[in-house]
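Please open the structure in the viewer and keep the sequence beside it.

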Amino acid sequence: MSKSLLKRFEWKDKLLALIVPLLVLVAWQSAVSLQLFSEMILVPPLTVMNTLVDLARTGDLTNNIISSLKRVLSGFLLGASTGFFLGLLMGLSSLLDRFVGPLIKACKQVPQFALMPLIILWFGIDEVSKVVFISIGAFFPMVFNTYQGVSGVPKKYRELARVFNYKSFRYLTKVILPGALPSIITGVRHSLGLSWMFVVGAELFGSESGVGYMMVWARQLFQIDIVMAGLFVIGIIGFTMNIILQIIEKRVLRWRVSFDGRMA
Amino acid sequence: MSIGKGILEIKNLSKSFIVDNNPLQVLNDINITIPPGNFVSIIGSSGCGKTTLLRIVLGLETNYEGDALIDGEQIEGPGINRGIVFQDHRLLPWLTVGENVAFGLDGKSRKETEVIVDEHLKLVGLNGFKSAYPCQLSGGMAQRAAIARALANKPEILLLDEPLGSLDAMTRMHMQKELERIWLFEKITMILVTHDVEEAIYLGDKVVIMSSRPGVIKKIIDIPFTRPRDRSSYEFMQIKSEILEEFHLGVEHPFIYSI
């Protein structure tokens, strides 16, 4: 298949992906036009659009996005790095895995939102508790994916490293980490995605800034247009994060072949 | 090149594994001495312990009884005086061909590494593929890269564990010629484990025949032919049928004429 043809196919896929959202938009507008619901409850799409533009113009939106992103970043860095190191150690040492593996698996079953009251009790209502909450969300996908990646590096490559006398650091950086990388990147993607969801959740529990805060406050004032604009912003930012990580993944994992034989 | 180095002596070597709490003897009283620069082929049916023998020499299997000595020293673990080519090429998929060849090099400057890699890629006929990834190579090419990687450390002994086993028949014969060329160039000891009788005779100065349960050396046959060898010559065929006889695969009245 020639390259230009391939490109065209990708464009076609992207256009196809727009059909359903457009249909939803049409249905939404029709529901408003037919006055199926009160306009207070179902705000017309155009109003949401205008609200979004207004919010952006006043700078409120940007400020809220920035304070949410700051929390995401700190929570993600804290949770994902802890998860990464613990996953790495568990993958390298089956003894440690047997000690803490089952505990972590059990903890994962607890819905993390149920921890919020405790976290507030322990860390207060301000920034720290939010960062801790986000880091818990970021921790689990990272610890499991890193563990899986590290313990899944094929025995044949470990043996090869032994033949060539690879010791600790060189072994880790040249064999284990590159071998685990696809799984680690999956972990980062899920971890960041969950961080973004958790920040909104954390902000619902009382805060003075952030996209989640903006929505809670608007709901209390019955400004449903702002709530919907907030939803839209959350979706777009989450989507963008995922796309950026996908691009990074493609670059970093150049060596993998996709099933049709093209380089990934 | 260190002439006279790389002598492998195996004396009264036995090895057993524990399977279901019972010891299973895989090698029993193996005795062989391989002088430096020799090419020795080891053949035997599956489960005769030939791969275990190779892994002992490589240093991946320890806890054996008896002696396995290289230049008089007991083998206790892997070392860079031995190189290995496995049946699967085992190139690391995340490294380029060049980086894979450099995989075993340690403590060399970037420039030295570069020179060694280029030299060995040229030796195995892979110049131009340095920055390719293993997934872009054919089976034969990947195995060439694996040979280059094993030779980059200048080992005294190169161990070949059915390196051509997964290649198609034509590529295989071609690679046998290539192995011979590389051996003549490097002048190091090579020990080849194979299933293929013809391959064993084509390449070996000696062919070691092993039989299984427990693995013992049944016979060692010297191959006196000059190189390159003609697979279809009368003498070649005769030795081949002699070896096949050992596996009870011989034909009762061989129908071979030399005119």
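Begin in chain B and select B:Val19, which stands opposite B:Asn22 in strand 2 of chain B. Strands here are DSSP runs of E with at least two residues, helices are runs of H or I with at least four residues, and both are numbered from the N terminus.

Before going on, note that this is a predicted model, in which local features need pLDDT of at least 70, side-chain atom pairs count only at pLDDT 80 or more, and totals for chains, interfaces and linings use all residues. Residues are numbered from 1 along each chain as its sequence is written, chains are lettered from A and ligands numbered from 1 in the order in which they are written, and side-chain values use heavy atoms, with hydrogens and water left out.

Two strands count as paired if DSSP finds at least two bridges between them. The loop between these two strands holds B:Asp20. B:Asp20 has a positive phi of about 50°, although it is not a glycine. Is B:Asp20 buried or exposed? With a relative accessible area of 70%, B:Asp20 is exposed; the cut-offs are under 20% relative accessible area for buried, over 50% for exposed, and partly exposed in between (1.4 Å probe, protein chains only).

Next, select B:Asn12, which is found in strand 1 of chain B. B:Asn12 also has a positive phi, of about 45°, without being a glycine. Its relative accessibility of 46% makes B:Asn12 partly exposed.

One place to look is B:Glu9, which stands opposite B:Leu69 in strand 4. Strand 4 of chain B in turn pairs with strand 5 of chain B, again in the antiparallel sense, over two bridges. B:Ile70 has B:Glu73 in strand 5 as its bridge partner. The hairpin of strand 4 and strand 5 of chain B has two residues between the strands, and B:Asp71 in this hairpin takes a positive phi near 50°.

Which order do the four strands follow? They form an open antiparallel sheet in the order 2-1-4-5. Its edge strands are strand 2 (22–34) and strand 5 (73–74) of chain B, each of which pairs on one side only. To see what lies across this sheet, select helix 1 (residues 50–58) of chain B: it is placed across strand 1, strand 2 and strand 4 (65–70), and runs at about 115° to strand 1 of chain B. Axes are lines fitted to C-alpha atoms, for helices over the stretch in contact, and angles run from 0 to 180 degrees between N-to-C directions; contact means heavy atoms within 4.5 Å.

**The six-stranded sheet of chain B**

Move to the open sheet of six strands in chain B, which has the order 6-7-8-3-9-10 and mixed pairing. Strand 6 and strand 10 (216–222) of chain B are at the edges with a single partner strand each, so one side of each has no neighbour in the sheet. Within the sheet, strand 3 (residues 39–44) and strand 8 (residues 189–194) of chain B pair in the parallel sense over five bridges. Select B:Phe39 to find B:Met190 of strand 8 opposite.

Helix 4 (residues 139–151) of chain B lies across strand 6 and strand 7 (157–161) of chain B, at about 170° to strand 6.

**Two loops of chain B**

Select B:Thr96, in the loop between strand 6 (82–85) and helix 2 (97–101) of chain B. B:Thr96 counts as buried, at 12% relative accessibility. Leaving aside neighbours within four places in sequence, B:Thr96 is in contact with B:Lys130, B:Ser131, B:Ala132 and B:Tyr133.

Then find B:Pro228, in the loop between strand 10 and helix 7 (234–246) of chain B. The peptide bond from B:Arg227 to B:Pro228 is cis, with omega near -5°.

**A last stop in chain A**

Finally, select helix 10 of chain A, where the buried residues include A:Ile224, A:Val233 and A:Leu245. The buried residues of this helix pack against helix 2 (45–58), helix 3 (60–92), helix 8 (168–204) and helix 9 (211–220) of chain A.
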